[in-house]
Amino acid sequence: MSQSPDAILFDLDGTLLDTAKDLGNALNQILADQQLPSVDYATYRNIASDGAKGMLELGFGEALKKLNFTQLRQQFLTNYENKICVDTCFFPGVETLLLTLNKNNIPWGIVTNKPEYLTLELVKYFPLLENCQVIISGDTLSERKPHPLPLLHAQQKLNLNSPNTWYIGDAERDIQAAINAKMFSVIAAYGYIDKKTIIDNWKADLCIKHAADLISYLPCSD
């Protein structure tokens with residue numbers, strides 16, 4: 001076990017916020033327009049972290065290869081932007097965790113592959129997220145996760161003297177990015193992970209089943 005974190009960086013979708021239903025609604029609106037059957041929540045939940053590409057591949061299957069992917073992706077993003085926070089909410093325990101970090105002056109930030117304009121629009125609905133020290137989105141830099149650059153850039157922005165930064169996410173690319181950045185990696189097992197996935201293969205440093213579980217590892221004051 002690493003020493004307690006000096007800072008924590010979080011993935012967004014599937015880690016801090018449960019965005020699956022709003023992403024699923026964006027997909028199902030396109031499918032309805034194409035007179036195709038909708039996809040139910042149980043089917044799309046674990047694909048939500050894969051963004052527009054993953055959701056469209058799920059909804060259209062092999063037929064997607066014969067369609068204009070760029071056009072469909074833009075329509076998906078437009079649908080999502082128009083109703084970006086109808087059913088989205090914090091995962092249980094996240095608010096308690098973030099308030100604990102704030103109370104104990106432990107810096108934290110967000111590193112997501114979500115496009116910046118959608119990331120910034122979404123966090124407006126959650127004042128607690130707007131208080132974070134840094135937000136790096138999927139198109140902020142020339143690289144995105146699993147490349148370590150976004151995590152390293154976020155850590156640099158936090159301006160830590162002796163960084164011991166933890167990164168928590170619910171996808172294998174999150175853990176790969178953390179390992180590549182030489183950060184302590186944490187799996188958010190409550191996120192969008194298929195039950196068939198063998199997460200031990202990801203070689204993370206820690207796995208938590210509830211967001212608030214992370215509090216026990218923090219250097220908190222009484």
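A: In this predicted model, the axes of helix 4 and helix 6, the latter made of residues 116-123, come within 11 Å of each other and cross at roughly 15°. Since angles under 35 degrees count as roughly parallel, helix 4 is therefore roughly parallel to helix 6. The crossing by which helix 4 passes helix 6 is left-handed. On the side of helix 4 the contact is made by Leu77, Tyr80 and Glu81, and on the side of helix 6 by Tyr117, Leu118 and Leu122. Sorted by class, the residues of this contact comprise five nonpolar and one charged, with no polar residue.

Helix 4, which spans residues 69-82, also packs with helix 1, residues 20-33, and here the axes lie 8 Å apart at an angle of about 130°. The handedness of the crossing between helix 1 and helix 4 is right-handed. From helix 1 the residues Asp22, Leu23, Ala26, Leu27, Gln29 and Ile30 take part, and they meet Leu72, Gln75, Phe76, Asn79 and Tyr80 of helix 4.

Six strands make up an open sheet with parallel pairing, and their order is 5-4-1-6-7-8. Strand 5 (134-136) and strand 8 (206-208) are the edge strands, each of them pairing on one side only. On average, and with direction ignored, neighbouring strands of this sheet are turned by 20° against each other. One of the pairings joins strand 6, residues 165-169, to strand 7, residues 184-188, in the parallel sense and over four bridges; within it, Ile168 has Val186 of strand 7 as its bridge partner. Helix 5, residues 94-103, packs on the sheet, where it touches strand 1 (7-10) and strand 4 (108-111), and its direction makes about 150° with that of strand 1. Helix 8, residues 149-158, lies across strand 1, strand 4, strand 5 and strand 6, and runs at about 160° to strand 5.

The loops beside these elements hold some local features. Asn105, placed in the loop between helix 5 and strand 4, has a phi near 55°, a positive value in a residue other than glycine. In the loop between strand 5 and helix 8 lies Pro146, and the peptide bond that joins Lys145 to Pro146 is cis, with omega at about 20°. Most residues other than glycine have a negative phi, and most peptide bonds are trans.

The end of helix 6 leads on to an aromatic pair. Seven aromatic pairs are found when the whole structure is searched. In one of them, the ring centres of Phe90 and Phe126 are 5.0 Å apart and the ring planes stand at 70°, so this pair is edge-to-face. Phe90 belongs to strand 3 (residues 89-90), whereas Phe126 sits in the loop between helix 6 and helix 7 (127-130), and the pair, 36 residues apart, links distant parts of the chain.

Definitions and conventions. Residues are numbered from 1 along each chain as its sequence is written. This is a predicted model: local features need pLDDT of at least 70, side-chain atom pairs count only at pLDDT 80 or more; totals for chains, interfaces and linings use all residues. Side-chain values use heavy atoms; hydrogens and water are left out. Two strands pair if DSSP finds at least two bridges between them. Helices (H or I, at least four residues) and strands (E, at least two) are DSSP runs, numbered from the N terminus. Axes are lines fitted to C-alpha atoms, for helices over the stretch in contact, and angles run from 0 to 180 degrees between N-to-C directions. Contact means heavy atoms within 4.5 Å. A crossing is left-handed if the near helix is turned anticlockwise from the far one by less than a right angle, and right-handed if clockwise. Angles under 35 degrees count as roughly parallel, over 145 as roughly antiparallel, 65 to 115 as roughly perpendicular and the rest as oblique. Ala, Val, Leu, Ile, Met, Phe, Trp, Tyr, Cys and Pro count as nonpolar, Asp, Glu, Lys and Arg as charged, and the others, Gly among them, as polar. Rings of Phe, Tyr and Trp (its six-membered ring) pair if their centres lie within 6.5 Å; planes under 30 degrees apart count as stacked, over 60 as edge-to-face and the rest as tilted.
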